[in-house]
There are 2 protein chains.
Amino acid sequence: MTTEPNVTVDDVHAAAKRLAGVAHRTPIHTCATLDERTGATVFVKCESFQRTGAFKFRGAYNAIAQFAPEQLARGVVAFSSGNHAQAVALAARMRGTSATIVMPRDTPPPKLAATRDYGAEIVLFDRYTDDRFAITDKLAADGGRPLIPPYDHPAVIAGAGTTAIEIVDDAGPIDALVVPLGGGAQMAGCATVASAISPDTRLIGVETAAGDKNRRSMLAGERVRIPVPRTIADGVTGEIPGELTFAINHRLVSDVAVVDDSEIVAAMEFLFDRMKLVVEPSGALAVAALLAGRVSLPGARVATIISGGNIGTEQFSELLGRADLG
Amino acid sequence: MTTEPNVTVDDVHAAAKRLAGVAHRTPIHTCATLDERTGATVFVKCESFQRTGAFKFRGAYNAIAQFAPEQLARGVVAFSSGNHAQAVALAARMRGTSATIVMPRDTPPPKLAATRDYGAEIVLFDRYTDDRFAITDKLAADGGRPLIPPYDHPAVIAGAGTTAIEIVDDAGPIDALVVPLGGGAQMAGCATVASAISPDTRLIGVETAAGDKNRRSMLAGERVRIPVPRTIADGVTGEIPGELTFAINHRLVSDVAVVDDSEIVAAMEFLFDRMKLVVEPSGALAVAALLAGRVSLPGARVATIISGGNIGTEQFSELLGRADLG
């Protein structure tokens, strides 16, 4: 029995209208060497150039924009390992309100600083011992403030899906769409769009080998919880796929590939050297899978997404300097 | 008495036609933090996303494309500290011929590798002792092969000027154009365009404090030779401005600002952190001048150019790690 989705392509089109002139229409870059290395024609959608440096802005803004001003009067609350934090902080400011963000204590400092720069208040927690859900729910309930979830919400998924509309518009017919997988909103939103307007496009998610919750869940046919993964991809360290995102992805996604940390670093280096793009570890997942041959689509027209570029020069140098991460 | 220029805006338009569908029309990026920091509205033209990672491709291709196939039969010759090398190598290959490139022995390894990857043969020289002009001229004369100069040639200047056509088209009215200065072709080409189609735009060049040959030459009213500058900006280490480029720039450019190496590094870090852009030291000159207040244009609409992004991760990490470069 299939669960009916409660996100439709019409919801994504409505989100696209809400985001027009607010979110950036990010560019698609191509690279002859990437095509050579993969044997495919690859279109790289650069959400690293999205506002706040990651695709998350699309979902956060789309969610916040659906509350009336009086509902937003006391601010909004969110939890995030980083990119959703900045997205909610900026979207809240753009909607004339404030944000309180619950963030892991080990969030990379540039992400903490950027979130503060967007005017948010930050509440830190320990991701290995504290219950972030309890902390966040209490903050929201006590203040009577809307909670903006990072992925498991129809408005967040619809916002993220607007990326796929732009890809189909700008890149033309696409045989496969290869997307980083964390909580699953970007994949779910893009899958919703692709299945409706480009039904022959194969949908492939990519996550870390250390945090393969989506792959395990797909195989099991139900959401599987894993231990908090330890990986350099700090944007995708959740323990379980979202309920709504999993329902959509389980129905629409063909495959989930995994990459290890050394393959992510190799992709980050390739993107820097060859494409002059700054990409954070989570953002490089899909390109890593293509470059490492974990996803092999010879002759195909492949669209992929760089989901974010929020990494400091210090962390970048450290990661690139490590000899053996595999 | 003013020397009549032998590069006109019509030459640049002709170059733009030659380059259409061959060179990338590079994007213009903006950044709220950059505007905040400079007090201006800044449009950043990203030639780091040009083919071969730098603006040089425009001039090299425009020059090579003007030779008949029989003139190109034995290949072309060029000398370059890096970006012109890759540009000539790729342009030669695209025109169905080969390239021999004379390069300094201390060229960053990624630039040597990339030039070889584009199929060129490389001849190394020592930039502190050898006469690169003699070496290059001999290679060209012996082989009966066209020499493609890095900057001091009308076709190279006209090709570089196509950047300014795109800026004026895409960014709208511009009060000032701030451009990295080396041999001077990018500035001369862009100045030729701006003075013709946007005559109120103020033209400002930026070079290194250690290699301020253009500033000195402008002040002297004639080309001044300086010792080979030692700076991290390896793309702008020539000792004297070009004859033709200086004639144009002396006539059209209002100011030449200088930045030191630490200001270049700060700009590279800003561009990485805030704009997710990989930029090499020479490519960051103009943004460095804006961020360091060496060029101050409060309230103005300012276009600037990132002229190249060819830097390896190792060199990047090394430069960013240095505490004191000033």
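The model is predicted: local features need pLDDT of at least 70, side-chain atom pairs count only at pLDDT 80 or more, and totals for chains, interfaces and linings use all residues. Residues are numbered from 1 along each chain as its sequence is written, chains are lettered from A and ligands numbered from 1 in the order written, and side-chain values use heavy atoms, with hydrogens and water left out.

**View 1. The interface of chain B and chain A.** Contact (heavy atoms within 4.5 Å) links 21 residues of chain B with 21 residues of chain A. The size of an interface is often given as the accessible area lost when the parts come together. Here the buried area is about 1800 Å²; the term covers the accessible area (1.4 Å probe) that two parts lose on being put together, summed over both. Carbon and sulfur atoms give 62% of the buried area. In chain B, Phe272(B), Lys276(B) and Thr313(B) lose the most area to chain A. Together they account for 39% of what that side buries.

View 2. The rule finds two salt bridges between chain B and chain A. A salt bridge is a side-chain nitrogen of Lys or Arg within 4 Å of a carboxyl oxygen of Asp or Glu. One of them joins Arg274(B) to Asp117(A), with the closest N and O atoms 3.1 Å apart.

On the side of chain B that touches chain A, the elements giving two or more residues are helix H11 (261–275) and helix H13 (313–321) of chain B. H11(B) gives the most, with five residues. Helices (H or I, at least four residues) and strands (E, at least two) are DSSP runs, numbered from the N terminus.

View 3. Lys276(B) has a positive phi of about 60°. Lys276(B) sits in the loop between H11 and helix H12 (285–291) of chain B. Lys276(B) is buried, at 6% relative accessibility. Buried means under 20% relative accessible area, exposed over 50%, partly exposed in between (1.4 Å probe, protein chains only). Thr52(B) likewise has a positive phi of about 60°. Its loop runs between strand S2 (41–46) and helix H3 (56–64) of chain B. Thr52(B) is buried, with a relative accessible area of 6%.

**View 4. Strand S2 of chain A and its partners.** Five of the six residues of S2(A) (residues 41–46) are buried, so the strand is largely enclosed by the rest of the structure. Strands pair if DSSP finds at least two bridges between them. Strand S1 (residues 28–29) of chain A runs antiparallel to S2(A), joined by two bridges. Ile28(A) stands opposite Lys45(A). Strand S9 (residues 301–306) of chain A pairs with S2(A) in the parallel sense over six bridges. There, Ile305(A) is the bridge partner of Lys45(A).

**View 5. The open sheet of chain B.** Six strands with mixed pairing follow the order S1-S2-S9-S6-S7-S8. Strand S1 (28–29) and strand S8 (255–259) of chain B stand at the edges, each with a single partner strand, so one side of each lacks a neighbour in the sheet. Strand S6 (residues 176–180) and strand S7 (residues 202–208) of chain B run parallel, joined by five bridges. Val178(B) has Ile204(B) as its bridge partner in S7(B).
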